[in-house]
Amino acid sequence: MRSGIFTQGKRAARWTAAGAAMVMAGVLTGCGSDGGSGGGGGGTLTAYVYGDDAVKVQQAAVKEFNKTSDVKVKLVSVPGTEYVNKLRSAMGSPSAPDIFFNWGGGSIKPYVDANQLVDLTSTFKNDATLKEGFLPSIVTAGSLDGKVYGVPMRGMQPVMLFYNKTLFAQNDVQVPKTWEDLQKAIKTFKGKGITPFALGGSDKWPELMWMEYLLDRIGGPDVFRKIQNGDNSAWGDPAVLKTAQTVKQLVDDGAFGKNFNSVDYGNGGAPTLLNKGKAAMHLMGSWEYSTQLGKAPDFAKKDLGWTNFPTVAGGVGDPADVVGNPTNYWSVNARTKHKDAAIAFLKTMASKSYAQALVDNGDVPTTSNAASMLSGSPNPKFATDQYEMVQKAPSFTLSWDQALVSQTATPLLTEISKLFAGKSTPEQFVAAMKAVK
Amino acid sequence: MSHVSSSPKVRGGRKAAAGNVGRPPVAWALPGILFFALFAIVPLAIAVYLSFCHWDGLNSPTSVGTANWTRLFKDPEFRQAAWLSLLLTTISWVFQTPVALLLGVWAAGRQRSRAALSAIFFIPLLLSTTAIAMLFHALLDPNFGVIKKIGPWFGIDPNIMGSSTGALLTVAFVGGWQFMPFHTLIYQGGTRQIPQVLYQAAEIDGAGMFRQFFHITLPQLRNTITTSSVLMIVGSLTYFDTVLIMTKGGPGTDTTVLPYLMYRTGFQTYDLGYAAAIATALVVVATALSLVLVRFSGFGNMRSTREGM
């Protein structure tokens, strides 16, 4: 129902039906062929990157690299919401990028399966810069079936429990370390008319974070590892059911308030609840800090607290475990004509100057030399806490929607949304996930 | 609907061939036909072909026979989406048609300040769908939107987007708000074409405003109603942008209409074969509906509304 209808005359009305529906159908077949000219002559490397605020760090790195290299890197910044689709379309077309940003794990599995990526395992093994440049757990987190396909290129993004310090002080509540603490906090805040946890339910993925942490605390990281490795029956693990039941309990207890279904993260709904003092806590990726810094600088500097996700009674997971996005990676298209130049560019990701640029941008790099630089971060305390949290974590589970292939991740988000909305029971959730093929 | 068809005879001073009543030869339609074939028929054919394939967008499509279609008929999600699409279409039609019809008839008159008001009514159509969806999304934010303040006055729960019925009604309302001006315009044009003599005769016979409306305006607008309805129904069946931005198909899957299900299957799950099957089903349903509408309304015969004049 777009401008197309205006071009239709009265006489063509009967064709409009077919026409409009065909536009939809046409969308299906239209493979995006714009964007960079992939690996064409003239010595250009096209690099797709997720277009958000952090792009300026990559832009600077490209500029630096192009000064000395014969093969020039051309950075294509794709707006965030478009990124996954555009990359997918481009990779299926002749104009694919040579290098591209990704989340590792399931986000690159289709490309690995289609033999479209350069296996960087031996490159990492034989090259000291790459081998010693990054935290090993981060490189592992992005690899697939024991093979390395990506070079870390951005900051770490663990999911943390953020809270409003003032609200905790005013209501005399302790920052929850255990499940009992958490339930006490829920009760107290609810009694005062404060939503215990802000949750952007309409975006769905914020709900996923609760599932990720709960499953880790209840059943340990191995349950999801099995699922990630393609064992669908692992959804039948009792820990998954317990996780879903815990979610239902939280929803029923009013932990997220009543209207979380229509609150979003993207447009600032949930973060505003936290900084206006309408919600006490917010489980979110570490980018919440910079989001708050942008929306309410005073609040971010003075009142924003952060901590680990609490333990769950009877759970076997290590309370130091972390979930989230370890970092983002560059992967190399197997069809590139300039593989050596591409790898040379990727090596600059381990350099001190690149890590410094990330730190200056407020990110926490995943390079092994990062610890000493963090004191220079715009917020040293937050950066250091984050770095240590990840460094100490026995396990870093990749966000489920990135770890799983889209065939599983999309239904998963739908099912989780139904579970939170009370449209399905924990048992139905488990059954639905086991049935996903 | 005013159809400006200046005949070439008048315009270019060229004499049309005898017996060919001022109508351009078929060749003139060629660019249009080619364009239509290239951007509509060919993609449609490919979509139909893909509906018999498994395709992830990266590897070559592999044939799976009718697997996608058998899955389609058994898929509860498809059934729910089809039902929601029908519901949305019905609500949209019931909501938009009376209002647009009355506004259009009113706008066809010669009242004072009519032009200025009509221009204002037209504004929603000039805004981009995305902008409108984001605007309403902000207004309906349950914590900080206008709905938080105003909703309770009318007994509306501010969490309107969080309830299944509320979310669907909101989507229908926002679509209606945006496209009503377009249909108003169609009705305005249609009403303007009704010959004044009919009203003059009715007045002499003593018919009041309501009788004139029900016995002249409404019957004379028969074809206009069909046109508007076909556009509205097809538009609602393929309505997608607002759902994507405002509800993302939620809460749960309660606003996952067919086009959104197609999008999710195709561009989030990358099951392009199954998505093509959904798309093809949508084409068939939309085409069938408009054909039925055109046939039963007598629009297809193109009978003049001025019969007997």
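## Helices α11 and α14 of chain B

In this predicted model, the axes of helix α11 (residues 222-237) of chain B and helix α14 (residues 272-296) of chain B come within 10 Å and cross at roughly 165°. Axes are lines fitted to C-alpha atoms, for helices over the stretch in contact, and angles run from 0 to 180 degrees between N-to-C directions. That crossing angle makes α11(B) roughly antiparallel to α14(B) (angles under 35 degrees count as roughly parallel, over 145 as roughly antiparallel, 65 to 115 as roughly perpendicular and the rest as oblique). Helices (H or I, at least four residues) and strands (E, at least two) are DSSP runs, numbered from the N terminus.

The crossing of α11(B) with α14(B) is right-handed. A crossing is left-handed if the near helix is turned anticlockwise from the far one by less than a right angle, and right-handed if clockwise. α11(B) contributes B:Thr226, B:Ser229, B:Val230, B:Ile233, B:Val234 and B:Leu237. α14(B) answers with B:Leu282, B:Val285, B:Ala286, B:Leu289, B:Ser290, B:Leu293 and B:Val294. By class, this contact of α11(B) with α14(B) has ten nonpolar, three polar and no charged residues. Ala, Val, Leu, Ile, Met, Phe, Trp, Tyr, Cys and Pro count as nonpolar, Asp, Glu, Lys and Arg as charged, and the others, Gly among them, as polar. Two residues are in contact if their C-beta atoms, placed from the backbone, lie within 7 Å.

## Helices α13 and α14 of chain B

α13(B) also packs on α14(B), at an angle of about 160° and with the axes 8 Å apart. The two helices are therefore roughly antiparallel to each other. Their crossing is left-handed.

From α13(B) come B:Leu258, B:Pro259, B:Leu261, B:Met262, B:Thr265 and B:Gly266. They meet B:Leu272, B:Tyr274, B:Ala275, B:Ile278, B:Ala279 and B:Leu282 in α14(B). The contact of α13(B) with α14(B) has ten nonpolar, two polar and no charged residues.

## Contact between the chains

Chain B gives 58 residues to the contact with chain A, and chain A gives 47. On the chain B side, two or more residues come from each of α2 (30-50), α6 (129-139), α11, α13 (258-268) and α14. α14(B) gives the most, with 13 residues. The side of chain B that touches chain A has 34 nonpolar, 19 polar and five charged residues.

## The sheet of chain A

Chain A holds an open sheet of five strands in the order β2-β1-β3-β10-β4, with mixed pairing. Two strands pair if DSSP finds at least two bridges between them. β2 (72-79) and β4 (151-152) of chain A stand at the edges with a single partner strand each, so one side of each is left without a neighbour in the sheet.

Strands β3 (residues 99-102) and β10 (residues 329-332) of chain A run antiparallel and are joined by four bridges. A:Phe101 has A:Trp330 of β10(A) as its bridge partner. Helix α2 (residues 55-68) of chain A lies across β1 (44-51) and β2, at about 165° to β2(A). Helix α3 (residues 80-91) of chain A lies across β1, β2 and β3, at about 115° to β2(A).

## Domains of chain A

Domain 1 of chain A covers 44-156 + 326-394, and domain 2 covers 157-324 + 405-435. These bounds come from an automatic or database domain assignment. The domain centres, taken over C-alpha atoms, are 28 Å apart.

The contact takes 14 residues from domain 1 and 13 residues from domain 2 of chain A. On the domain 1 side, α4 (109-113) and α18 (380-392) each supply at least two residues. The largest share, six residues, comes from α18(A).

## Conventions

Residues are numbered from 1 along each chain as its sequence is written, while chains are lettered from A and ligands numbered from 1 in the order in which they are written. Local features of this predicted model need pLDDT of at least 70, side-chain atom pairs count only at pLDDT 80 or more, and totals for chains, interfaces and linings use all residues.
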